[in-house]
Amino acid sequence: MTILFLIIAIVILASAVMVVTTRNLVHAALWLIVSLFGVAVLFAMLNAGFLAVVQVVVYIGAIAILFIFAVMLTRREMRGHGKPLNNNWWISALLSLLTFGGLAMLLSNWDGFSQTPADFPSDFDGVAELGNALIDPNQFVLPFEVASILLVAALVGAVYIASNRK
Amino acid sequence: MDWTLWLELVIKALVLIFALLGGFAYLTWYERRLLARFQSRLGPNRAGPFGLLQPIADAVKLIFKEELTPAKAYKLVFFLAPIMTLVPSVIIAAVIPWGPPFQLGDRIVTQSIADINVGVLFLMSIASIAVYGIVLAGWSSNNKYAMLGGLRSAAQMISYELTLGLAFVVAILLGNSMNLTDIVEAQRDGRWFVLVQPVGALILWIATLAEVNRHPFDMPEAEQELTAGYHTEYSGMKFALFFMAEYQKMIVVSAILATLFFGGYLGPWVDRWPLLGPVYMFLKIVILLFIMIWVRATWPRIRYDRLMAFGWKVLLPLALAVVMITAVGILLAEINPWMIWLIPIFSLIAGAFASLMIDRSLRRKAYA
């Protein structure tokens, strides 16, 4: 299991690096898909089948396809010729290192960090639990509704911008 | 995991893949013969009895054809695209239950490869991946017609995916589970979901037609406008892979439709002889495929703007209404079981209202 995790993690990180270093937009989009697939596999390994499938539906099936769609509609020459890095690269490297260090420190203080996840009982229905949690006033109903209002607002806004009847 | 489990999985996977391959080969024969009957012709009848060896002759021809790659094509993606189209059409079949589990020696063998508890969502996710192959094929060919076909298919498949998902939601609500086996088992005693929710079944059928780019939604490969659409530049075995993917998708979506709304593997005596399950599935799939081919033979293709308008302005609101009606009906059925039959009544009213509105808008705008 650990070996599998390491392989998946290497695949995710390597393809994420390829996304930002490759000079071809379509290649970048395809590497992004590989990376997102890797994350879906991680979810599946954590017994979160629902999240794994939703990851595929939302990120690979919708967002990445929109990237490809946009790339197809742009100009034919899809290679960038400029330098991929500018002079401030060391600031961003420092910031990401600091973020990584901070996260690692926080997680190492958390007592769940070194435990292996317990197996679910065989009749455990994670999807039903998730659904109930999302509409339970004591749990996540407020964030859920706020997110849906935000999405509806974005949808209405997009329709308003796109419509040519003023 | 002991080795017998691995053996069982490998055998089941191989059986499924070869069944799909054989199904593809004979579906082409079935379609050509049926189309010929619809058009008062004979169809392929020379190779073997009733032309049954025709698919083999076609396969040999395609293998020996020259494979051309356009000089300005985008080689790597051009090579990957047929594979990316074919693979989803095979793995989507992995979650479909083909029959009830049966006893072999001292072990219980389930008749599906992966009986996962989010089966319906798995179908949805693979359906959303399937568009990649077509889009990338159209883009990498470096050909205007192929590019237009790819763009059209991307727009069409993304649009109809929403309706497809909502139609899945109807089946999930009625079956009270995302597991396909549970959904089939909920349809016991002849309570097929198509009887409870006929409009939902129709919406799913239309959305799957659009999703597999079949008539009358085959805009991505409209011959008169785009020569052959996204696979214009493909030849030989690469073209055969696209062809294979299209026909396997036809089989698989028929299987999905049969599973979700037409009782799946259920039928008389299926509990006593579990191996009857695949037989019932086969019969249901053949009937649904017949309807698909019938539509191809008789309906004209829909114009592209109307196709999108139909998807977004008619099918999506209707699907939303149907989901709402189903949910309310299920809640009412908890009070009184016969109230479940309010679902078909009200959804048929909604469907009739939708078709009335289409009729009115067509008349008002006086489309030529």
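About 2100 Å² of area is buried between chain A and chain B, and carbon and sulfur atoms give 78% of that area. Please keep in mind that this is a predicted model. Below is a friendly walk through the interface, the salt bridges, a nonpolar surface patch and a few individual residues.

**The interface of chain A and chain B**

- On the side of chain A that touches chain B, the elements giving two or more residues are helix 2 (25–45) and helix 3 (49–73) of chain A.
- Helix 3 of chain A gives the most to that side, with 14 residues.
- In terms of residues, 23 from chain A are in contact with 25 from chain B.
- Polar links are counted too: 2 residue pairs are in polar contact between chain A and chain B, both at pLDDT 80 or more.
- For salt bridges across the interface of chain A and chain B, the rule finds 0.
- For a close-up of chain B meeting chain A, take B:Ser125, which touches A:Val53, A:Val56 and A:Val57.
- B:Ser125 sits in helix 4 (residues 119–129) of chain B.
- With a relative accessibility of 3%, B:Ser125 counts as buried, because the cut-off for buried is under 20% relative accessible area.

**Salt bridges**

- Over all chains, the structure holds 4 salt bridges, and three of them are described here, starting with B:Glu8 and B:Lys12.
- B:Glu8 and B:Lys12 meet through their side chains in a salt bridge, at 3.1 Å from N to O.
- What separates B:Glu8 and B:Lys12 along helix 1? They are 4 residues apart in helix 1 (residues 3–38) of chain B, so about one helical turn lies between them.
- Both partners count as buried: B:Glu8 has a relative accessible area of 14%, and B:Lys12 has 15% relative accessibility.
- B:Glu31 pairs with B:Arg296 in another salt bridge, where the closest N and O atoms are 2.9 Å apart.
- Because B:Glu31 lies in helix 1 of chain B and B:Arg296 in helix 12 (residues 276–298) of chain B, this pair ties together parts that are 265 residues apart in sequence.
- B:Glu31 is buried, at 2% relative accessibility, whereas B:Arg296 is partly exposed, with a relative accessible area of 31%.
- A salt bridge also joins the side chains of B:Asp58 and B:Arg32, at 3.1 Å from N to O.
- This pair links distant parts of the chain, with B:Asp58 in helix 2 of chain B and B:Arg32 in helix 1 of chain B, 26 residues apart.
- B:Asp58 is partly exposed at 22% relative accessibility, and B:Arg32 is partly exposed at 36%.

**A nonpolar patch on chain B**

- B:Tyr26, B:Phe50, B:Leu52, B:Leu53, B:Ile56, B:Val60, B:Ile63, B:Phe64 and B:Met237 make up a nonpolar patch on the surface.
- Together, the residues of this patch have about 870 Å² of accessible area.
- Which element gives the largest share of the nonpolar patch? Helix 2 (residues 54–64) of chain B does, with 4 residues.
- B:Met237 belongs to helix 11 (residues 236–261) of chain B.
- With a relative accessible area of 30%, B:Met237 is partly exposed.

**Two further residues to look at**

- B:Val90 is part of helix 3 (residues 75–91) of chain B.
- Leaving out residues up to four places away in sequence, B:Val90 touches B:Ile17, B:Leu20 and B:Gln248.
- From C-alpha to C-alpha, B:Val90 and B:Thr181 are 19 Å apart in space, and they are 91 residues apart in sequence.
- A:Ala28 lies in helix 2 of chain A, and at 13% relative accessibility it counts as buried.
- Apart from its neighbours within four places in sequence, A:Ala28 is in contact with A:Val19 and A:Thr22.

Note on methods
Residues are numbered from 1 along each chain as its sequence is written. Chains are lettered from A and ligands numbered from 1 in the order in which they are written. This is a predicted model: local features need pLDDT of at least 70, side-chain atom pairs count only at pLDDT 80 or more; totals for chains, interfaces and linings use all residues. Side-chain values use heavy atoms; hydrogens and water are left out. Patches are made of residues with over 30% relative accessible area and no salt bridge: like charges are joined within 9 Å, nonpolar side chains (Val, Leu, Ile, Met, Phe, Trp, Tyr) within 5 Å. Accessible areas come from the Shrake-Rupley method with a 1.4 Å probe; for residues, only the protein chains shown count as cover. Buried means under 20% relative accessible area, exposed over 50%, partly exposed in between (1.4 Å probe, protein chains only). Contact means heavy atoms within 4.5 Å. Buried area is the accessible area (1.4 Å probe) that two parts lose on being put together, summed over both. A polar contact is a pair of N or O atoms within 3.5 Å; within protein, one must be able to donate a hydrogen and the other to accept it, and residues adjacent in sequence count only if both atoms are side-chain atoms.
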